[in-house]
Each structure stands twice: as structure tokens, then as C-alpha cells.
Amino acid sequence: MKAAVIYEHGGPGSIRYEAGFPDPAPGAGEVLVRVKAATLNYHDIFTRRGMPGIKIPMPCIMGLDFAGDIAVLGAGVGDWAVGDRVMIDPVDRLGGGGLIGEVRPGGLAEFCAVPAANLVRLPANVSYEAAACLPVAYGTALRMMVTIGQVKAGEKVLILGASGGVGTCCVQLAKLAGAEVIVCASSADKLRRLKDLGADHGIDYAREDFVKWIYSRFGKPHRRRFDGGVDVVVNFTGGETWVPSLKVLHRQGRILTCGATAGFDPKEDLRFIWTFELNIRGSNGWMREDLTALLDLIGSGKLKPVIDRELSLEDANEAFRLLEDRAVFGKVIVKP
């Protein structure tokens with residue numbers, strides 16, 4: 001089969017495209033999925049680079065998020081049939097908690113052997129491409145914004161890193177909740193596209209300090225009153241943006257985080273946390289019910305996954321480069 005493979009951890013360009021990689025065979029309780037569409041996430045970049053404490057079996061086929069058709073049933077698999085359309089929940093919820101596309105081969109290939117417990121039935125009104133966007137990026141966004149963050153109508157929500165997969169979903173979910181949405185992005189084109197998604201305000205963080213922008217538009221937060229600033233900051237970048245995010249929240253405001261793409265050990269300033277009674281809410285991944293809710297939202301037309309472009313499996317290195325260089329608006333689809 002065709003596959004994008006790494007034989008050791010490395011940097012850009014280290015993925016090998018192979019047209020004759022051995023076909024996988026489903027074991028007991030597994031199915032063989034013919035992959036129709038896959039997408040990339042920052043977690044795939046971390047897997048390619050190598051992560052402390054996580055041993056990746058080599059050779060490794062990455063790709064956490066993908067969808068396709070069942071091609072072969074393994075022994076003992078019931079409730080499924082060859083030809084069924086499926087989306088993959090990459091989390092092992094029955095064993096050690098590892099991920100498909102990390103500790104076992106993923107979706108950057110023509111075929112993938114998947115435990116039946118990881119299958120999610122794909123409705124006919126949701127495309128393979130849309131489904132491939134969901135688990136990691138959109139599942140994470142829904143849990144952070146809705147289940148954990150409880151974003152409500154009338155709130156002011158600032159979203160950092162708004163132009164990526166998680167960010168574009170956060171924008172749509174905040175608007176569905178009735179919030180006033182402020183987004184940060186690195187170019188006028190990305191800001192324009194975010195406003196097309198429903199963002200009310202845009203800040204080009206490459207040219208403007210978002211703290212000063214918030215203060216000038218909504219006022220500086222006051223520690224004795226519940227005014228100024230914003231209600232919610234969505235920050236999954238970390239790094240140098242962490243303390244500035246604390247500074248724009250009004251009293252009892254909430255900061256929501258599901259990652260740290262720019263650094264997990266930022267400088268901290270506890271004075272803002274106690275003085276303004278801030279709530280820091282972490283969100284870790286998604287649950288199966290989050291994926292079901294997303295499929296319902298897409299099927300009803302209330303949510304539309306944002307796809308930047310489609311590339312072939314042969315262009316896997318280019319797909320990774322676009323993601324690392326932040327040259328993507330939404331998600332990149334990779335097809336075998």
C-alpha cells in the first residue's frame with residue numbers, strides 16, 4: 001500500500017513516501033479501514049520530532065484523524081459490515097490510553113487496521129473530509145468551549161491562534177453560543193477569513209499588542225468591579241502569550257487552555273490570578289459524546305469544518321511544512 005512513514009524521529013522533510021509498504025491485516029476485534037481522508041494536527045508534528053516519555057514504535061505511520069470505509073472485518077467483529085462509512089476516534093479508551101497514529105499505525109496510508117472500539121459511524125450527510133477534521137481539533141475545541149468553558153451568549157471571548165484547526169472551530173462555537181468574538185491572527189488575509197466565519201473583531205498580533213487593543217476597546221479590567229477587559233480568553237499557545245492573557249480578563253474571568261504550542265512552561269504572574277479571582281480551566285481532549293455532538297452540528301449545517309487545501313499522500317512533508325510554518329487556515333486534508 002501507499003504510506004507516509006518515519007523510521008526515526010526527525011525534522012522537516014524526514015517523512016518517507018513509500019508505494020509498496022506492507023498492507024496491514026486486522027486482528028481479532030479489529031477492522032481494516034480504507035482511508036478516504038486524513039488531516040494533520042500539531043500532535044503529529046510532536047510525534048515526528050519525538051516526545052519525552054513516549055516511545056513510538058518504528059516504523060511509524062502518523063495521522064490521528066481520518067475517515068474511510070471498512071474494507072475487511074477481523075475475527076469476532078459484530079455490528080459492523082464491509083462498506084460501512086466510519087470516522088476514527090484515535091484514543092484507546094479500553095487499554096493504556098495511547099493514540100492511533102502514535103503508538104500504532106495511523107491514517108497517513110491507504111489502509112489502517114483499527115480496533116472496532118475506535119470506530120464512529122459516519123452519517124451519510126457528513127463527508128469523509130469533514131469527519132477527518134473532527135476528533136483532535138474539533139473534538140478538543142467543543143469540549144473546551146462548551147463542556148468545560150461554558151461560553152455563553154453576550155460574553156466577550158478572545159481567541160488566540162484562531163486561524164488553525166482548533167481556533168477556527170472555537171470561533172464558530174463561540175458565535176453559535178451568541179458570544180462577541182475577538183480573534184488574533186498573523187495576517188490581514190487570515191483576519192478577513194476569520195470575520196467571514198463570524199468573528200466580530202480581529203487583531204493582527206504581528207503588528208499590534210492585543211492587550212493594548214483590548215484596553216482601548218473594552219477598558220482596562222478593574223479589580224474592584226466586574227468591568228473592563230473580556231470574559232474569556234482561549235489560549236492554547238502558552239509561551240509569551242500567557243501573562244498578557246491574564247491581564248485582559250475582568251474579575252472572575254476565565255482562561256481556557258487545551259495545549260501549549262508555543263511553550264508549556266511560561267512565565268507566570270500570580271498577582272492577576274488572586275487579585276482578579278481568575279478561573280483557569282484546562283481541557284484535555286474529547287469524549288465520545290463530543291464527537292457525536294459535532295456530527296449532529298455538521299449534519300444540521302450549524303458547523304462547517306474549515307479546510308485550507310487538499311494534498312496527496314506523496315506531499316506529506318509539504319503538509320507538515322505548511323502546518324509548522326503556520327501557513328494554513330483551518331485544516332489540511334491528505335488523501336492516499
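The model is predicted, so local features need pLDDT of at least 70 and side-chain atom pairs count only at pLDDT 80 or more, while totals for chains, interfaces and linings use all residues. Residues are numbered from 1 along each chain as its sequence is written, and side-chain values use heavy atoms, leaving out hydrogens and water.

**Exercise 1.** Find which residues of helix H1 are buried, and what they pack against.

- Start with H1, residues 42-49: Tyr-42, Asp-44, Ile-45, Thr-47 and Arg-48 are buried (under 20% relative accessible area with a 1.4 Å probe, protein chains only).
- Helices here are DSSP runs of H or I with at least four residues, strands are E runs of at least two, and both are numbered from the N terminus.
- Now look across: those buried residues pack against strand E3 (30-39) and helix H10 (316-324).

**Exercise 2.** Work out where Val-232 sits and what it is in contact with.

- Val-232 belongs to strand E11, residues 230-234.
- Its relative accessible area is 0%, so Val-232 is buried.
- Skip neighbours within four places in sequence, and Val-232 has contacts (heavy atoms within 4.5 Å) with Glu-155, Lys-156, Val-157, Leu-158, Leu-249, Arg-254 and Leu-256.

**Exercise 3.** Find the separation of the C-alpha atoms of Val-232 and Gly-68.

- Along the chain, Val-232 and Gly-68 are 164 residues apart.

Definitions and conventions:
Buried means under 20% relative accessible area, exposed over 50%, partly exposed in between (1.4 Å probe, protein chains only).
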